[in-house]
Amino acid sequence: MAGERLAQQTIFITSSALLDGDWVEIWLDGGYRRFTALLGSGTTVPAGTVQTFQISTDSNANRPDQQRFTAESFIYALRQWIIARGVTTLYNVEPVIGTGFLAGETVGCVIQVLVYDPFYDFPFPLGSAGGARGISWFVSLTNTIRPVQVAVQQTPAGNFGGASGTITLTASNGTDGVYAYTWADGGPPVAARTGLAAGSYTCVVRDTSGASASVTVVIVEEDRIEVVVVYSGNSVQLVVTGGVGPYAYAWGDGPTTPARVNLPVGTYACTVTDAAGATAQVSFALAPYRFYWSRNAIALALDAGPAYRLNPATKPNLSFLCEVWVEPDYRSGVFVQVGATNEQPADRQGRTTFEVQALLDAYVSEHLPELNQRTISRADSLFKRFYLQYTERFGEPAVTSAAFSTQAQHYVVHGGLDFFEAAAGTWFDSYQGAARPFLTWEPNDKKCLPAQPQYLYFMVDSFDLPAFKQWVRLRYADGSAQEYVHGERSSCLRYEVYCLPAGFAQLGLGAGPARFFDLDLDDAEAPGKLKARSAKVVAWEIYVTDAANVPVSEVRRYVLDTAYVPAGQQRFFLYANSLGGVSTFAALGQAKRTLDLKQEVADRAQPAGYDPLLGDAQVQDKSGQPVLAVSSGQLRRDQLIAAQDLALSRRVVLQRGDRYWPGVLKPKAFPVDDETETLAALEFEFLLPRQRQFSPRLPVTPAGLVIAPVSGGEGAQP
């Protein structure tokens, strides 16, 4: 420890009173060790045995000779004991040379400890010293400078931010028992301190010899009371950690429970008090519940308030912290933090804005329906629940000022609006509530072949819509109509997105027995008999209602395309549109398939004996890019404009037969509007996954059925 001095002890020896069998005990290596005197002769230091030393009582020998002989023998015994004990790194023994009458003679020794440890310290004063006859024969002088030892007692600071901590230091083992206290934080020079806040306190305790000990005491406090506001629609739950439970809740508007349900839009505040009396305040504004598009700005604007603008010195070095929390598994209730805590400095007005759309966009993705899906499904990949946490940091040095506050829980939905519409805010201000649109920009009265897959994506846009029904209204060639419920879902939450089948075959309107019947009142034999409807379906409509059959969506209309299109020319491209749903684009014109080749070739080495049939080049890698050039056939002007969604889509698949084929559209200019053509066509190229081997598509064969092998021309490309 800082300032410590190693202990040492000086021993002076007088041999005139020593007799054979006398002994002395000295504290070494944590205990008293006895050294016994044995009568000898002459002045030679004997080899001796450990813990014995020789004395001389020769009457002819003068006193200096006796003193030197006894002292050197004693020193030798000490050194032998140290060697035998294996503590040579702990002690050092050196002779003390006399002065005056004993000048030049060894008259004693100095025993010094080589490391600091109280275990190896010498007792104060020198330990027992006595002979077999009960007389003292050592004249000893101890001038040990002893290390200072400090015991610590402390009490914590209490509640977070409190100052009721105490420290009491008890010094001991010093040379003279007089101690001085110097605190690093400038505290009073005393051993006991009170009224301390949480923190680290260091004190140097020094005695008059100059020896000192440095001690550091950490005063702790109760954990900060952390209050997180968890939102679920227009209900909230306070989740409290830290402090000492149980907790009491005092809302500004009266309630005393941690949960509040069905709150109107407004500002709310609550004081949470723990069992130790510590408090934490939380306030939040309950904004209109909403969702965000993942590819438009998702911003959190923070403001330190007018008090800061009046006196910025109240919050020096002000910055804001923001955390993004997402629920990866929908409805699990488990949220995880996305990325690290983001920190941004405040501007001159004490404001900043965090934009978090890039973090959230990574957690949502396109939804690809099951092949020819016929039932309603929830499109979980399209949306996620999330919330933002934020707080301030300021001071010198800057510290987090309070617990994190939590923004309302919202939804992020895959997709986005273009620059102008996102800035205008029309979707959220009026359009969604008034139009109640499906998530697609496709124009109405879309022509569809019987086998053409179609999907509509419906967003639940109300807390009062826990269940919904998908209705189908059929239009017949004779001008009549009939409608039915194709499917329904329950236990819905606001802003969930559902995928609804909308194609002719998917709705069961194709092959098979008639599904709809009329009462035949003209049948004389059986009046009122159910008779299958003979008129053909020429169009159909899709819309959604609540459980009471009140419409909650737009009506989407489809027209059956009865034109003959060879099955080989029926190519349906499913693409993720800008609003997150999946739309279908039918390319019914003739197509052209090519294979664009790419290869890497290296020159072959031609050593002696080289096989000329290998040629002079070696193909190291070769691949082909399948390209499908297709044409839409004639499109109305509104359909051509809507095809921009296809051109900008990041996810496109081709449905042919019983599978999806992945690929991407080749970048090129798309005709958006051609005023010279009443019915224009759209032509584009679809790049399929690169090939390195050729394989035709192999048929899936039921067990036991024998089939002929496929040939190269069968199903190699879509």
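Strand β16, which spans residues 235–241, pairs with β18 in the antiparallel sense over two bridges. The model in which this pairing is found is a predicted one. Within the pairing, Gln237 has Ala259 of β18 as its bridge partner. The two strands belong to an open sheet of three strands, ordered β15-β16-β18, with antiparallel pairing. Its edges are formed by β15 (226–232) and β18 (259–260), each of which pairs on one side only. In general, the strands of a sheet pair through backbone hydrogen bonds, in either a parallel or an antiparallel sense.

Strand β15 also takes part in the lining of the largest pocket, to which it supplies at least two residues. This pocket has a volume of about 780 Å³. Its lining consists of 36 residues, and those nearest the centre are Ser283, Tyr390, Ala403, Phe404 and Ser405. Besides β15, the strands β20 (279–286), β22 (299–303), β27 (383–395) and β29 (405–406) each supply at least two lining residues. The largest share comes from β20, which provides seven residues. By residue class, the lining is made up of 22 nonpolar, 10 polar and four charged residues.

The second largest pocket has a volume of about 660 Å³. It is lined by 23 residues, of which Gly416, Asp418, Trp441, Ser578 and Asp645 are the closest to its centre. Helical contributions to this lining come from α5 (426–435), α6 (637–642) and α7 (644–648), each with at least two residues. Eight of the lining residues are nonpolar, eight are polar and seven are charged.

Two cavities of 30 Å³ or more were counted. The largest cavity holds about 50 Å³ of space. Its lining is formed by Glu366, His367, Leu368, Leu574, Tyr575, Ala576, Val582, Arg651, Val652 and Val653. Strands β40 (571–576) and β44 (652–656) each contribute at least two residues to this lining, and β40 gives the most, with three. The lining of the largest cavity comprises seven nonpolar residues, one polar residue and two charged residues.

In soluble globular proteins, nonpolar side chains tend to be buried together. In the present model, the largest nonpolar core contains 26 residues, and the members that touch the most others are Phe458, Phe468, Leu474, Leu500, Trp540 and Ile542. At least two residues of this core are supplied by each of β32 (455–459), β33 (468–476), β35 (497–501), β38 (537–545) and β39 (556–560). The surroundings of Leu500 can be given in detail: with neighbours within four places in sequence left aside, Leu500 is in contact with Ile376, Phe438, Gln454, Tyr455, Leu456, Phe458, Phe468, Gln470 and Val544.

Backbone geometry was considered next. Most residues other than glycine have a negative phi, and most peptide bonds are trans. Gly245 and Pro246 are joined by a cis peptide bond with omega at about 0°. Pro246 is placed in the loop that runs between β16 and β17 (248–251). Another cis peptide bond leads from Glu396 to Pro397, again with omega near 0°. Pro397 lies in the loop between β27 and β28 (398–400); β27 is also one of the strands that supply at least two residues to the lining of the largest pocket.

Arg331 is partly exposed, its relative accessible area being 35%. Arg436 is found in the loop between α5 and β31 (446–448), and α5 is among the helices that supply residues to the lining of the second largest pocket. With a relative accessible area of 36%, Arg436 is partly exposed.

Key:
Residues numbered from 1 in each chain as written. Predicted model: local features only at pLDDT ≥ 70, side-chain atom pairs only at ≥ 80, totals over all residues. Heavy atoms only, no water. Pairing = 2+ DSSP bridges. Helix = DSSP H or I, 4+ residues; strand = E, 2+ residues; numbered from the N terminus. 1 Å grid on protein atoms, 1.4 Å probe; cavity = no way out; pocket = protein on both sides within 12 Å on 5 of 7 lines; lining within 4 Å. Points joined across faces, edges and corners; volume = space filled by probe spheres on them. Nonpolar A, V, L, I, M, F, W, Y, C, P; charged D, E, K, R; others polar. Core = buried A, V, L, I, M, F, W, Y, C linked by side-chain atoms within 4.5 Å. Buried < 20%, exposed > 50% of the residue type's maximum accessible area, 1.4 Å probe, protein only. Contact = heavy atoms within 4.5 Å.
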